[in-house]
Amino acid sequence: MTDASINASTVQQGDAEFGDYFALLKPRVMSLVVFTALVGLLAAPVGVHPVIGFSAILFIAIGGGASGALNMWWDADIDRVMKRTKGRPIPAGKVEAGEALSLGLALSGLSVIMLALATNVFAGAFLAFTIFFYVVVYTMWLKRATPQNIVIGGAAGAFPPVIGWIAATGSMAVEPWLMFALTFMWTPPHFWALALFMRSDYDDAGVPMLTVTHGRRSTRKHILVYTGLLAVLAVGTAFSGVGGPIYLMVALVLNALFLHGAWKISRRDEDDSEADNFKAERSFFKLSLLYLFLHFGAILAEAVLKPYGLGGW
């Protein structure tokens, strides 16, 4: 940064508001964490007291927000370069990097300790591992080191339903790991679709996203392969303990649409994409957001209706 930009950001930093600190927690990402963790908790085969359940989701959400703050602290340098992220609190000069670090560390400790006290130590320890994985393994290492960053690092965003299940039961099972796998396999095609029409951001920031290291053509093929594997997993989950007829119907429709979208993307060349401003890629990305929400919504519906004999097989 130049002296002028440093001085400018110093002036602006006194204008930080509550919304700026809240933005550090990545509220949109946090909403996904909250929803999938809630589904994991409610899909568990045991009853949970409402107060304990609310506390568990609250502290899992805080842990997710802590991860977001630490991610923004570490990535402030590349966030300043990327169009998609330059408006975040730190690069915008609203919040100092040190404040984000302090907030992230404080919320990490609070969320882990309180989740352990509210539910069980296993859940607290798993939340601690998730924060470590996202901040250290993904943000500090994988993101800038390998085009497999989003593949391996996607595990961090897939852990919440497992934490929710553990908070309810205090133990592991196959079902939460199927929910984990659903999010894990969904993450690469979701982010690679974004990277197709935001490649210049990753180029400018020097982030080795697949579109940068292997090109868009290879990325399109990867999206199709991962979407195919995801479809098999998603439909197969219908026949597990968290599945049922409602989930199966949702999975069949969504995966048919998702596969069709991936196939369309794989058949396009750069001239096609540039001509319509990546219309198919943008549509696929939007569908991917709905895809995960409706799959987990169907799992939630099966869990809620099961006590009444309407959900499950």
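1. How much area do domain 1 and domain 2 bury between them, and what share of it is on carbon and sulfur atoms? In this predicted model, the two domains bury about 2,800 Å² between them, with 80% of that area on carbon and sulfur atoms. The size of an interface is often expressed as the accessible area lost when the parts come together.

2. The domain assignment of the chain places residues 19-172 in domain 1 and residues 173-312 in domain 2. Taken over C-alpha atoms, the centres of domain 1 and domain 2 are 21 Å apart. To the contact, domain 1 contributes 32 residues and domain 2 contributes 34 residues.

3. On the side of domain 1, Phe35, Pro147 and Ile150 together supply 20% of the area buried against domain 2, more than any other three residues.

4. Polar and charged links across the interface may be taken together. Between domain 1 and domain 2 the count of salt bridges is zero, while three residue pairs are in polar contact across the interface, both residues of each being at pLDDT 80 or more.

5. The side of domain 1 that touches domain 2 draws at least two residues from each of α3 (27-43), α7 (121-145), α8 (149-153), α9 (155-158) and α10 (160-169). Helix α3 gives the most, with seven residues. By class, the residues on this side of domain 1 comprise 21 nonpolar, seven polar and four charged.

6. A separate point concerns aromatic rings. A search of the whole structure returns 20 aromatic pairs. One of them, formed by Phe258 and Phe284, is stacked, at 4.4 Å centre to centre and with 10° between the planes. This pair joins distant parts of the chain, 26 residues apart: Phe258 belongs to helix α15 (residues 245-267) and Phe284 to helix α17 (residues 279-305).

Conventions
Residues numbered from 1 in each chain as written. Predicted model: local features only at pLDDT ≥ 70, side-chain atom pairs only at ≥ 80, totals over all residues. Heavy atoms only, no water. Domains from an automatic or database assignment. Contact = heavy atoms within 4.5 Å. Buried area = accessible area lost by both parts, 1.4 Å probe. Salt bridge = Lys/Arg side-chain N within 4 Å of Asp/Glu carboxyl O. Polar contact = N/O pair within 3.5 Å; in protein donor to acceptor, adjacent residues only side chain to side chain. Helix = DSSP H or I, 4+ residues; strand = E, 2+ residues; numbered from the N terminus. Nonpolar A, V, L, I, M, F, W, Y, C, P; charged D, E, K, R; others polar. Phe/Tyr/Trp six-rings, centres within 6.5 Å; stacked < 30°, edge-to-face > 60°.
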